[in-house]
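This report describes the surroundings of two residues, one after the other. Please keep the sequence and the model open while reading.

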Amino acid sequence: MYLTSILLAAGLLLAGAAQADTVALWGFNPDRTGTPTTKPTYTDHGGAFFSTVGNVTTTFASQSGSSDTTAGSSALNSSGYAAQGTGDRTTGVQFSVDTSGFQDIVLTFDQRNSGTASAWTALRYTIDGENWVEATTFRMVRDSVFVKGLGFDFSDIAGVDDNANFAVQLVSMFAPNTQAYAGTSNNYGTAGTIRYDMVQFAGSLIPEVVPEVPEPASIALTLAALGAMGVVVRRRKQA
(Lines give C-alpha, C1' and ligand atoms only; values in the text may rest on other atoms or scores of the structure.)
Protein backbone atom coordinates (compact mmCIF):
# COMPACT_ATOMS: atom_id res chain seq x y z
CA MET A 1 0.00 0.00 0.00
CA TYR A 2 2.89 2.33 0.87
CA LEU A 3 4.59 1.71 -2.47
CA THR A 4 1.26 2.20 -4.28
CA SER A 5 0.87 5.62 -2.67
CA ILE A 6 4.41 6.58 -3.66
CA LEU A 7 3.85 5.51 -7.25
CA LEU A 8 0.56 7.41 -7.44
CA ALA A 9 2.21 10.57 -6.13
CA ALA A 10 5.10 10.02 -8.52
CA GLY A 11 2.68 9.82 -11.43
CA LEU A 12 1.12 13.15 -10.47
CA LEU A 13 4.55 14.77 -10.16
CA LEU A 14 5.62 13.48 -13.55
CA ALA A 15 2.41 14.73 -15.13
CA GLY A 16 3.03 18.19 -13.69
CA ALA A 17 6.68 18.19 -14.70
CA ALA A 18 5.77 17.15 -18.24
CA GLN A 19 3.73 20.34 -18.64
CA ALA A 20 6.53 22.59 -17.36
CA ASP A 21 9.89 23.74 -18.65
CA THR A 22 13.09 21.96 -17.61
CA VAL A 23 15.27 24.15 -15.40
CA ALA A 24 17.98 21.51 -14.92
CA LEU A 25 18.38 17.80 -15.65
CA TRP A 26 20.98 15.21 -14.68
CA GLY A 27 20.79 12.15 -16.91
CA PHE A 28 24.47 11.28 -16.30
CA ASN A 29 25.01 10.91 -20.01
CA PRO A 30 28.55 10.77 -21.47
CA ASP A 31 30.19 14.07 -22.38
CA ARG A 32 31.72 14.85 -25.79
CA THR A 33 34.62 12.52 -25.06
CA GLY A 34 32.28 9.65 -24.23
CA THR A 35 32.98 9.85 -20.49
CA PRO A 36 30.06 9.84 -18.01
CA THR A 37 29.90 13.04 -15.99
CA THR A 38 28.15 14.57 -13.00
CA LYS A 39 27.70 17.79 -14.94
CA PRO A 40 24.05 18.45 -15.76
CA THR A 41 22.80 17.04 -19.03
CA TYR A 42 20.79 20.25 -19.50
CA THR A 43 20.44 23.60 -17.75
CA ASP A 44 18.31 26.53 -18.82
CA HIS A 45 20.92 29.13 -17.91
CA GLY A 46 23.95 27.24 -16.59
CA GLY A 47 23.37 27.55 -12.86
CA ALA A 48 23.30 23.87 -11.86
CA PHE A 49 25.94 21.93 -9.90
CA PHE A 50 26.34 18.50 -8.29
CA SER A 51 28.27 17.71 -5.11
CA THR A 52 28.42 15.06 -2.40
CA VAL A 53 27.54 15.36 1.28
CA GLY A 54 29.82 13.94 3.96
CA ASN A 55 32.28 11.23 2.89
CA VAL A 56 30.13 9.92 0.06
CA THR A 57 31.87 9.08 -3.21
CA THR A 58 30.34 8.39 -6.60
CA THR A 59 30.91 6.15 -9.59
CA PHE A 60 28.85 5.41 -12.67
CA ALA A 61 26.74 2.29 -13.15
CA SER A 62 24.07 0.92 -15.44
CA GLN A 63 20.86 2.92 -15.73
CA SER A 64 18.92 -0.19 -16.78
CA GLY A 65 15.43 0.01 -15.36
CA SER A 66 15.41 3.78 -14.91
CA SER A 67 13.31 6.16 -16.98
CA ASP A 68 16.41 7.07 -19.05
CA THR A 69 16.38 5.08 -22.28
CA THR A 70 19.28 6.97 -23.90
CA ALA A 71 21.73 4.55 -25.48
CA GLY A 72 25.11 4.58 -23.74
CA SER A 73 23.86 6.49 -20.74
CA SER A 74 24.50 5.63 -17.09
CA ALA A 75 23.26 6.28 -13.58
CA LEU A 76 25.12 7.78 -10.61
CA ASN A 77 26.08 5.24 -7.94
CA SER A 78 26.82 6.67 -4.47
CA SER A 79 28.65 4.91 -1.62
CA GLY A 80 30.55 5.69 1.57
CA TYR A 81 27.53 6.23 3.79
CA ALA A 82 27.82 6.56 7.59
CA ALA A 83 28.35 3.65 9.96
CA GLN A 84 25.35 2.18 11.74
CA GLY A 85 24.00 4.47 14.44
CA THR A 86 26.07 7.50 13.37
CA GLY A 87 25.74 10.50 11.08
CA ASP A 88 21.97 10.73 10.75
CA ARG A 89 21.18 12.92 7.71
CA THR A 90 24.84 13.81 7.09
CA THR A 91 25.76 11.68 4.06
CA GLY A 92 24.32 11.79 0.57
CA VAL A 93 24.20 13.86 -2.60
CA GLN A 94 23.40 17.49 -3.37
CA PHE A 95 21.98 19.26 -6.43
CA SER A 96 22.23 23.06 -6.59
CA VAL A 97 19.94 24.78 -9.09
CA ASP A 98 19.59 28.46 -9.93
CA THR A 99 15.82 28.94 -10.36
CA SER A 100 16.08 32.58 -11.47
CA GLY A 101 13.23 33.39 -13.84
CA PHE A 102 11.23 30.27 -12.87
CA GLN A 103 8.41 29.50 -10.46
CA ASP A 104 6.44 26.42 -9.32
CA ILE A 105 9.52 24.20 -9.07
CA VAL A 106 9.01 20.42 -9.10
CA LEU A 107 11.77 17.84 -8.47
CA THR A 108 11.58 14.29 -9.84
CA PHE A 109 14.19 11.50 -9.81
CA ASP A 110 14.73 7.74 -10.06
CA GLN A 111 16.33 5.86 -7.15
CA ARG A 112 17.72 2.35 -6.77
CA ASN A 113 19.04 0.95 -3.47
CA SER A 114 21.20 -2.06 -2.77
CA GLY A 115 19.92 -4.41 -0.08
CA THR A 116 22.14 -3.03 2.71
CA ALA A 117 21.64 0.66 1.91
CA SER A 118 19.51 2.81 4.18
CA ALA A 119 15.86 2.24 3.37
CA TRP A 120 15.08 5.81 4.44
CA THR A 121 16.22 8.95 2.59
CA ALA A 122 15.47 12.54 3.62
CA LEU A 123 14.97 15.32 1.10
CA ARG A 124 16.28 18.63 2.43
CA TYR A 125 16.38 22.03 0.75
CA THR A 126 17.91 25.46 1.26
CA ILE A 127 16.92 28.87 -0.05
CA ASP A 128 19.94 30.74 1.29
CA GLY A 129 22.72 28.21 0.70
CA GLU A 130 23.33 27.75 4.43
CA ASN A 131 20.24 26.70 6.37
CA TRP A 132 18.55 23.40 5.49
CA VAL A 133 14.91 22.41 5.91
CA GLU A 134 13.50 18.90 5.59
CA ALA A 135 10.85 18.71 2.89
CA THR A 136 9.89 15.03 3.03
CA THR A 137 11.26 11.50 3.42
CA PHE A 138 11.27 8.45 1.17
CA ARG A 139 11.29 4.77 2.08
CA MET A 140 12.63 2.19 -0.36
CA VAL A 141 11.02 -1.20 0.13
CA ARG A 142 12.72 -3.10 -2.70
CA ASP A 143 16.38 -3.43 -3.58
CA SER A 144 18.19 -3.64 -6.92
CA VAL A 145 15.34 -2.05 -8.85
CA PHE A 146 14.76 1.56 -9.84
CA VAL A 147 11.74 3.33 -8.42
CA LYS A 148 10.88 5.92 -11.05
CA GLY A 149 9.52 9.41 -10.65
CA LEU A 150 10.04 10.00 -6.95
CA GLY A 151 10.00 13.67 -6.11
CA PHE A 152 8.55 16.70 -4.42
CA ASP A 153 6.51 19.74 -5.45
CA PHE A 154 8.08 22.95 -4.15
CA SER A 155 5.36 25.20 -5.62
CA ASP A 156 3.94 26.24 -2.26
CA ILE A 157 7.27 26.82 -0.49
CA ALA A 158 8.20 30.48 -0.22
CA GLY A 159 11.64 31.44 -1.45
CA VAL A 160 12.23 28.57 -3.90
CA ASP A 161 11.04 30.49 -6.96
CA ASP A 162 13.45 32.84 -8.74
CA ASN A 163 16.33 31.96 -6.41
CA ALA A 164 20.00 31.60 -7.32
CA ASN A 165 20.78 29.89 -3.96
CA PHE A 166 18.28 27.03 -4.13
CA ALA A 167 19.65 23.51 -3.57
CA VAL A 168 18.45 20.10 -2.38
CA GLN A 169 20.10 17.17 -0.63
CA LEU A 170 19.14 13.50 -0.60
CA VAL A 171 20.68 12.08 2.59
CA SER A 172 20.45 8.77 4.43
CA MET A 173 18.49 8.95 7.68
CA PHE A 174 17.75 6.79 10.70
CA ALA A 175 14.50 4.86 10.55
CA PRO A 176 11.76 7.04 12.08
CA ASN A 177 11.68 7.09 15.90
CA THR A 178 14.95 5.13 16.15
CA GLN A 179 18.65 5.82 16.47
CA ALA A 180 19.72 3.42 13.72
CA TYR A 181 19.51 2.91 9.96
CA ALA A 182 17.19 0.25 8.57
CA GLY A 183 18.50 -1.67 5.58
CA THR A 184 16.42 -1.76 2.42
CA SER A 185 16.04 -5.55 2.43
CA ASN A 186 18.94 -6.79 4.58
CA ASN A 187 20.80 -5.56 7.62
CA TYR A 188 22.22 -2.07 7.07
CA GLY A 189 25.89 -1.92 6.15
CA THR A 190 28.40 0.70 5.02
CA ALA A 191 28.90 -1.21 1.77
CA GLY A 192 25.37 -0.26 0.74
CA THR A 193 24.93 1.90 -2.34
CA ILE A 194 22.23 4.22 -3.65
CA ARG A 195 21.89 4.88 -7.36
CA TYR A 196 20.22 7.98 -8.87
CA ASP A 197 19.15 8.84 -12.38
CA MET A 198 17.05 11.40 -14.28
CA VAL A 199 17.21 14.05 -11.58
CA GLN A 200 15.04 16.81 -13.02
CA PHE A 201 13.98 20.24 -11.81
CA ALA A 202 11.05 21.64 -13.77
CA GLY A 203 9.16 24.92 -13.47
CA SER A 204 7.25 27.56 -15.36
CA LEU A 205 8.66 30.83 -16.59
CA ILE A 206 7.74 33.84 -14.51
CA PRO A 207 5.64 36.09 -16.77
CA GLU A 208 7.21 39.41 -17.68
CA VAL A 209 5.37 42.46 -16.42
CA VAL A 210 4.62 44.63 -19.46
CA PRO A 211 3.58 48.25 -18.70
CA GLU A 212 0.15 49.05 -20.03
CA VAL A 213 0.14 51.37 -23.05
CA PRO A 214 -2.78 53.82 -23.04
CA GLU A 215 -5.21 53.38 -25.90
CA PRO A 216 -5.45 56.24 -28.44
CA ALA A 217 -8.86 57.25 -27.12
CA SER A 218 -7.49 57.51 -23.59
CA ILE A 219 -4.55 59.59 -24.81
CA ALA A 220 -6.89 61.93 -26.68
CA LEU A 221 -9.10 62.31 -23.62
CA THR A 222 -6.09 63.07 -21.44
CA LEU A 223 -4.82 65.71 -23.89
CA ALA A 224 -8.27 67.29 -24.04
CA ALA A 225 -8.38 67.45 -20.26
CA LEU A 226 -4.95 69.03 -20.10
CA GLY A 227 -6.00 71.53 -22.76
CA ALA A 228 -9.09 72.47 -20.80
CA MET A 229 -7.00 72.95 -17.67
CA GLY A 230 -4.67 75.22 -19.64
CA VAL A 231 -7.61 77.39 -20.76
CA VAL A 232 -8.83 77.71 -17.17
CA VAL A 233 -5.37 78.70 -15.97
CA ARG A 234 -5.00 81.36 -18.70
CA ARG A 235 -8.43 82.86 -17.90
CA ARG A 236 -7.55 83.10 -14.25
CA LYS A 237 -4.31 84.90 -15.11
CA GLN A 238 -6.19 87.33 -17.38
CA ALA A 239 -8.73 88.03 -14.67
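A strand here is a DSSP run of E with at least two residues, and strands are numbered from the N terminus. The model is a predicted one. Strand β7 covers residues 102-113, and Gln-111 belongs to this strand.

**Gln-111**

The relative accessible area of Gln-111 is 0%, so the residue counts as buried, the cut-off being under 20%. Its side chain takes part in polar contacts with the side chain of Asn-113 and with that of Thr-121. Beyond the neighbours within four places in sequence, the residues in contact with Gln-111 include Thr-121, Met-140, Val-145, Phe-146, Val-147 and Leu-150. Ile-194, Arg-195 and Tyr-196 are also among the contacts of Gln-111.

**Asn-163**

Asn-163 sits in a loop that runs between β10 (147-153) and β11 (167-172). With a relative accessible area of 9%, Asn-163 is buried because this value falls under 20%. When residues up to four places away in sequence are not counted, Asn-163 touches Val-97, Asp-98, Thr-99, Ser-100 and Ile-127. Ser-100 is 63 residues from Asn-163 in sequence, yet their C-alpha atoms are 5.1 Å apart. For Ile-127, the backbone oxygen lies 2.9 Å from a polar atom of the Asn-163 side chain.

**Polar distances**

| Side chain | Partner | Distance |
|---|---|---|
| Gln-111 | Asn-113, side chain | 3.0 Å |
| Gln-111 | Thr-121, side chain | 3.4 Å |

Notes: Residues numbered from 1 in each chain as written. Predicted model: local features only at pLDDT ≥ 70, side-chain atom pairs only at ≥ 80, totals over all residues. Heavy atoms only, no water. Helix = DSSP H or I, 4+ residues; strand = E, 2+ residues; numbered from the N terminus. Buried < 20%, exposed > 50% of the residue type's maximum accessible area, 1.4 Å probe, protein only. Polar contact = N/O pair within 3.5 Å; in protein donor to acceptor, adjacent residues only side chain to side chain. Contact = heavy atoms within 4.5 Å.
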